[in-house]
Amino acid sequence: MYDFVKVIINSSLDSPAGLAVDRVTRTLYFTDGARKRIETANLDGTLRTVLIWSGLDKPRDLVIDSTEGYV
C-alpha cells in the first residue's frame, strides 16, 4: 500500500484507538477499548507492557505530558 508504513504492534489488539508518543523516552502508548486497557512499548514494538488494566471503560484517547511525567 504505502512504502513508509511500518507495522509495530500486530497482535493481541481488539479495538485499538488512541495513540501517543513520548518523544523524550521514545515510548509508544496506545489504548484498546475492547480489552479495556492502556499499553506501552518501545517505538520498535519491543518491551510491550500493559500499563493500566483496571478501572477503564473503553478507553479511546490519551495524552502524554513528558515534562511532568503524566499519562
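L47 is exposed, because its relative accessible area is 64%. Here, buried means under 20% relative accessible area, exposed means over 50%, and partly exposed lies in between (1.4 Å probe, protein chains only). You can find L47 in the loop between β3 and β4. L47 has a positive phi of about 55° although it is not a glycine.

Before we go on, please keep in mind that this is a predicted model, in which local features need pLDDT of at least 70 and side-chain atom pairs count only at pLDDT 80 or more, while totals for chains, interfaces and linings use all residues. Residues are numbered from 1 along each chain as its sequence is written, and side-chain values use heavy atoms, with hydrogens and water left out.

A second residue to look at is R26. R26 lies in the loop between β1 and β2 (27-32). Phi of R26 is near 55°, a positive value in a residue other than glycine. With 55% relative accessibility, R26 counts as exposed.

**The sheet**

Now let us turn to the strands. Helices (H or I, at least four residues) and strands (E, at least two) are DSSP runs, numbered from the N terminus. Strands of a sheet pair through backbone hydrogen bonds, either parallel or antiparallel. Two strands count as paired if DSSP finds at least two bridges between them.

In this model, four strands make an open sheet in the order β1-β2-β3-β4, with antiparallel pairing. β1 (16-22) and β4 (49-52) stand at the edges with a single partner strand each, so one side of each is left without a neighbour in the sheet. Neighbouring strands of this sheet are turned by 30° against each other on average, direction ignored. Such angles use axes, which are lines fitted to C-alpha atoms (for helices over the stretch in contact), and run from 0 to 180 degrees between N-to-C directions.

How many bridges join β3 to β4? Three bridges join strand β3 (residues 37-42) to β4, and the two run antiparallel. T40 stands opposite T49 in β4.

**A nonpolar patch**

Strand β4 also holds I52. I52 counts as partly exposed, because its relative accessibility is 31%. Together with L51 and V71, I52 forms a nonpolar patch on the surface, with about 220 Å² of accessible area in total. Patches are made of residues with over 30% relative accessible area and no salt bridge; like charges are joined within 9 Å, and nonpolar side chains (Val, Leu, Ile, Met, Phe, Trp, Tyr) within 5 Å. Accessible areas come from the Shrake-Rupley method with a 1.4 Å probe, and for residues only the protein chains shown count as cover.

**Salt bridges**

Side chains of opposite charge can pair when their charged atoms come close. A salt bridge is a side-chain nitrogen of Lys or Arg within 4 Å of a carboxyl oxygen of Asp or Glu. A search of the whole structure finds three salt bridges, and here they are:

| Pair | N to O distance |
|---|---|
| R35 and D32 | 3.8 Å |
| R37 and E39 | 3.0 Å |
| R48 and E39 | 2.6 Å |

Are D32 and R35 buried or partly exposed? D32 is buried, with a relative accessible area of 1%, whereas R35 counts as partly exposed at 33% relative accessibility.

E39 and R37 are both buried, with E39 at 2% relative accessibility. R48 counts as partly exposed, because its relative accessibility is 28%. Salt bridges that share partners join R37, E39 and R48 into one network.
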